[in-house]
Amino acid sequence: MENKILEIHSKYLEKIKQANSLALLDEIFLSLFGKNGEITLIPKDFGKLTKDEVVRISPQFNQIKVELEQLIEQRREEVREEKYSKLTSDTIDITKEAQIDLPKGQIHPITQLEHEVVELFSKIGFQQYQAPHIDTDNYNFELLNIPAGHPARDLWDTLYLEEKFDNLDEGKLLLRTHTSNAQVRLMREAGAPVRMMIIDRCFRYENLDARHEHTLEQFELVYVDKTVNMANLQYLSEYFLKAIFGKETRVRLRPKYYPFVEPGAGVDGECLFCKGKGCKICGGTGWLELAGAGMIHPQVLRNGGINPNEYTGIAWGFGPERMAMLKYEISDIRVFKSGDLKALGGIK
Ligand code: DAH
């Protein structure tokens, strides 16, 4: 019996010393002190010993038992500390590429373009502004010189909401057809002078095809100050299109009618595909229409609480999808909202 106890002692002294994980120490503990553990079983044989032997052996046994128990606990502490100091001293290079071969995602091309736009125009003092997606026909149409029954309403295929709200005395609710619904709101909020941009969603009741979507993005710009004029519009259009399509890109303004600008203009970029020579994509003209724009109509300024005798303004509305289609050579606008990762992920 004595020998057996000494054997257990020396065997486990070594085992405990070498154990380098908490799991291993748990295992050792169980094989010593578990239900059938080597230490647990020893006192069961005490009955076979003489009284003298029991008096001699049991204190020795108890001492070894306590010692082994303490050694396990001590070793547990050491293992915990080793683990912790390894964790705190180890450095992880988070810039290192993952070794696993995961498919790489990328930012949606429209979002990329929008980030570029925001950066470009923040640099020259334009702030981002947000207007509601669900708005009244007052802000979307009336205050922009497009009263009910005006033929210009035909330009915007509109989705109306049926809900009626008692406290709403500003007209019917609709999904805004353009970001121009922000114009009067922001003038009323910020007053003049003001430089704002809105890049956001609009909605139209469209027959869908390769060039028409029911949900589309617009990039609206509003710039009101004392001497703002058409030259600023030409300059900003060039600043914008050259940054997006390249320094060589030529830009022209062409007369065009919108009820909320006077004079109104279309902003054309030189056709990227034929470099102005005329091709199928630009209908042989050498130019692509990219935006509606103009000098903000005096009545619209007045609606926004700005005195048109003191201030003038320019505004435009570009179509980011249209621009991305040209930039990335995408022939169908529906790709952008398709969730087709092959098409969207493959665009550089
Ligand atoms: N809101 C117009 C549209 O959706 C585009 C537009 C035209 C915006 C002229 C403007 C503007 O700010 O001045 O077709």
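## Strand S10 and its surroundings in a predicted model

In S10, Thr312 is the bridge partner of Asp225. The model is predicted: local features need pLDDT of at least 70, side-chain atom pairs count only at pLDDT 80 or more, and totals for chains, interfaces and linings use all residues. Residues are numbered from 1 along each chain as its sequence is written, and side-chain values use heavy atoms, with hydrogens and water left out.

Domain 1 (2–89) and domain 2 (109–345) divide the protein chain; the bounds come from an automatic or database domain assignment. Their centres, taken over C-alpha atoms, are 80 Å apart.

An open sheet of mixed pairing is formed by seven strands in the order S1-S5-S6-S10-S9-S8-S7. Its edge strands, S1 (127–128) and S7 (251–255), each pair on one side only. Strands are DSSP runs (E, at least two residues), as are helices (H or I, at least four residues), numbered from the N terminus; two strands pair if DSSP finds at least two bridges between them. S6 (residues 215–225) runs antiparallel to S10 (residues 312–318), and seven bridges join them. S9 and S10 are also antiparallel, over five bridges. Partners of S10 residues are listed below.

| Residue | Partner in S10 |
|---|---|
| Val224 | Gly313 |

Five of the seven residues of S10 are buried, where buried means under 20% relative accessible area, exposed over 50% and partly exposed in between (1.4 Å probe, protein chains only).

The largest nonpolar core has 41 residues, of which Phe121, Phe219, Phe240, Leu241, Trp316, Phe318 and Met323 touch the most other members. Such a core is a set of buried Ala, Val, Leu, Ile, Met, Phe, Trp, Tyr and Cys residues joined through side-chain atoms within 4.5 Å. At least two residues each come from several elements, including helix H5 (109–122), S10 and helix H10 (320–328). Not counting residues up to four places away in sequence, Phe121 touches Phe126, Met197, Phe219, Leu221, Leu236, Tyr239, Phe240 and Trp316; contact means heavy atoms within 4.5 Å.

Asp268 lies in strand S8 (residues 261–270). Asp268 counts as buried because its relative accessibility is 2%. Its side chain and that of Arg254 are joined by a polar contact of 2.8 Å. A polar contact is a pair of N or O atoms within 3.5 Å; within protein, one must be able to donate a hydrogen and the other to accept it, and residues adjacent in sequence count only if both atoms are side-chain atoms. Beyond its neighbours within four places in sequence, Asp268 is in contact with residues including Arg250, Trp287 and Glu289.
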